[in-house]
Structure formats: C-alpha cells, structure tokens
Amino acid sequence: MTLDEIKLMWKKDCIVDDIELDKSSLDVPKLHAKYSELLSDTLVKLKQKQFQYNLLIKDKWLWFNGKLDKETIDKYGWKDDPFDGMKVMKADMHYFFNSDDDLTKLKAQEELLKIQMDFLKECMQNITWRHQTIKNTIDWRKFMAGQ
C-alpha cells in the first residue's frame, strides 16, 4: 500500500462522528488494529529494503575494488570495469557509492518507507488519544447544556 493510499484512507478514518459518539468510541479498537497492521507491514518492508541495501552495497564494494567474481558481475549485468579504466583513489570511493543508481534507488525506497512509518505512527497516536477527544466533546456538550 502506498503512502498516498494510506493518506486517503486516514482522511476518512480520522473523522469522529460528533452525533454518534458512542459509535466513534466503538470504532477505536478496529482503527487501532487496522493501522497497527499497516505499521507492522511497513516495518517488515523497511527491514527487507535495509537487508537488500546491505547486500547490494557489499557487492558494489567488491565490484568497485575489483574483487567481485565474474559470475556475480554477469548476474547483475554490470560492466567488468566499473570505472572504465579510470584510476580512483580510495578516499574518493564514497562519491561512487553515493551516486550509484542501484544503491540510490534502494535508499530512496527505504526513505519512503520511513516516511510512511512516521505517518502511520502519527495515525496510531491519534487513535490512541481518540477516547479523550470523545470525552472532551461530551463534557463540552454537558457544559453548554448547563450541567
């Protein structure tokens, strides 16, 4: 599920029906279960991306240092010489890691999952405190009615 899909879903789910407060109160456990599942699924996806990144960076390091076997190079579809004959100082290797297409794609996916997790955590926090919003609404109505 994408972040945009989750945002659309949350726009509907975040509404507290101020007429049927009892129904809104009963929806809290359902919403908690729903967003808790989404959060845990996103965490699993994030961990998978992090593992993929770690494996790929190891292979990139071996490739950049000329230590990767031909079979693995062919499997990835990489060139035999990553620098096309150019001599690169070890101190400059980070430029190649930071600008590598494969690594930046995985890192971008990882960052997007982190943003999704942060959004879901905010949703969960809102759900956790929803009972207080409902109680405050009831108390306000009592006050306005002179009770």
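**Entry 1: D84 and K79**

My scale calls a residue buried under 20% relative accessible area, exposed over 50%, and partly exposed in between, using a 1.4 Å probe and protein chains only. The side chain of D84 meets that of K79 in a salt bridge, 3.0 Å from N to O. By salt bridge I mean a side-chain nitrogen of Lys or Arg within 4 Å of a carboxyl oxygen of Asp or Glu. K79 is partly exposed, at 46% relative accessible area.

**Entry 2: basis**

I note that this is a predicted model, in which local features need pLDDT of at least 70 and side-chain atom pairs count only at pLDDT 80 or more, while totals for chains, interfaces and linings use all residues. Residues are numbered from 1 along each chain as its sequence is written, and side-chain values use heavy atoms, with hydrogens and water left out.

**Entry 3: other salt bridges**

I searched the whole structure and got 14 salt bridges. One of them joins the side chains of K58 and D59, at 3.4 Å from N to O. K58 is partly exposed at 45% relative accessibility, whereas D59 is buried at 9%.

I then checked K107, which forms a salt bridge with E110; their closest N and O atoms are 3.6 Å apart. The two residues are three apart in helix α5 (residues 101-128), so about one helical turn separates them. I take helices as DSSP runs of H or I with at least four residues, numbered from the N terminus. K107 is partly exposed at 31%, and E110 is buried at 4%. Salt bridges with shared partners link K107, E110, E111 and K114 in one network.

**Entry 4: nonpolar cores**

Which residues have the most contacts inside the largest nonpolar core? I found Y35, L120 and I127, in a core of 15 residues. A nonpolar core here is a set of buried Ala, Val, Leu, Ile, Met, Phe, Trp, Tyr and Cys residues joined through side-chain atoms within 4.5 Å. Helices α1 (3-13), α2 (21-64) and α5 each supply at least two residues of this core.

I listed the contacts of Y35, counting heavy atoms within 4.5 Å. Leaving out residues up to four places away in sequence, Y35 touches I6, M9, W10, D13, L120, C123, M124 and I127.

As background, nonpolar side chains tend to be buried together in soluble globular proteins.
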